[in-house]
Amino acid sequence: MSLHGSKIALLIEDEYQILEGWYPLLRLQEAGADVRVIGSGTKNSYHSKEHYPMEVDAAAADVSASDFDAVVVPGGFAPDNMRLHPEMIGLVRDMNEAGKLVTAICHGGWVLVSAGVLKGEGFGSGRVVGLK
């Protein structure tokens, strides 16, 4: 499947699950997507639970839903850290409200709950996908 022309935000924070961060990043890039790693803005590199670093391209406060076609929220303990940053929650909420694809892996669903995109029938206007 080709994703050429797709712009995807991969949210990242400390203590992300290494495979849930790196595997989507590399596979989406391999499929032709333009993937940007979006952090909370507290630093330029975040570490997995195993201390493997991932560099960020931008802070959540510096991007908007209009910049992307989809967002991926990896799991691990990172979602708990992401929930402390209103800009990250706002980006996910805005993506959903704009009808963009919102995805979460494992504990990434915590961010979707905090963003309010998992309320009611149909989960809002966006397309929400959760992976375990």
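User: What share of the contacts in the chain with a separation of 6 or more do residues 24 or more positions apart account for?

Analyst: Residues 24 or more positions apart account for 75% of those contacts, where contact means heavy atoms within 4.5 Å. The model is predicted, so local features need pLDDT of at least 70 and side-chain atom pairs count only at pLDDT 80 or more, while totals for chains, interfaces and linings use all residues. Residues are numbered from 1 along each chain as its sequence is written, and side-chain values use heavy atoms, with hydrogens and water left out.

User: Why is M82 called buried?

Analyst: Buried means under 20% relative accessible area, exposed means over 50%, and partly exposed lies in between, with a 1.4 Å probe and protein chains only. M82 has 0% relative accessibility, and therefore M82 counts as buried. M82 lies in helix α2, residues 78–82, where a helix is a DSSP run of H or I with at least four residues, a strand is a run of E with at least two, and both are numbered from the N terminus.

User: Which residues is M82 in contact with, leaving aside its neighbours within four places in sequence?

Analyst: With those neighbours left aside, M82 is in contact with L11, I12, E13, V73, P74, M88, I89 and V111. M82 and S40 are 42 residues apart in sequence, while their C-alpha atoms are 6.9 Å apart in space.

User: What makes a set of residues a nonpolar core, and how many residues has the largest one?

Analyst: A nonpolar core is a set of buried Ala, Val, Leu, Ile, Met, Phe, Trp, Tyr and Cys residues joined through side-chain atoms within 4.5 Å. The largest such core has 40 residues, and those with the most contacts inside it are L11, I38, V73 and V92. Among the elements that give two or more residues to this core are β1 (7–11), α2 and α3 (86–97), and α3 gives the most, with five residues. Leaving aside neighbours within four places in sequence, L11 is in contact with residues including I38, V73, M82 and V92.

User: How do you know whether S48 is buried or exposed?

Analyst: The relative accessibility of S48 is 2%, and because the limit for buried is under 20%, S48 counts as buried. S48 is placed in the loop between β3 (45–47) and β4 (53–55), and, not counting residues up to four places away in sequence, S48 touches E15, Y16 and I18.

User: How many helices and strands does the chain have?

Analyst: The secondary structure of the chain comes to four helices and eight strands, and of its 132 residues, 49% count as buried.
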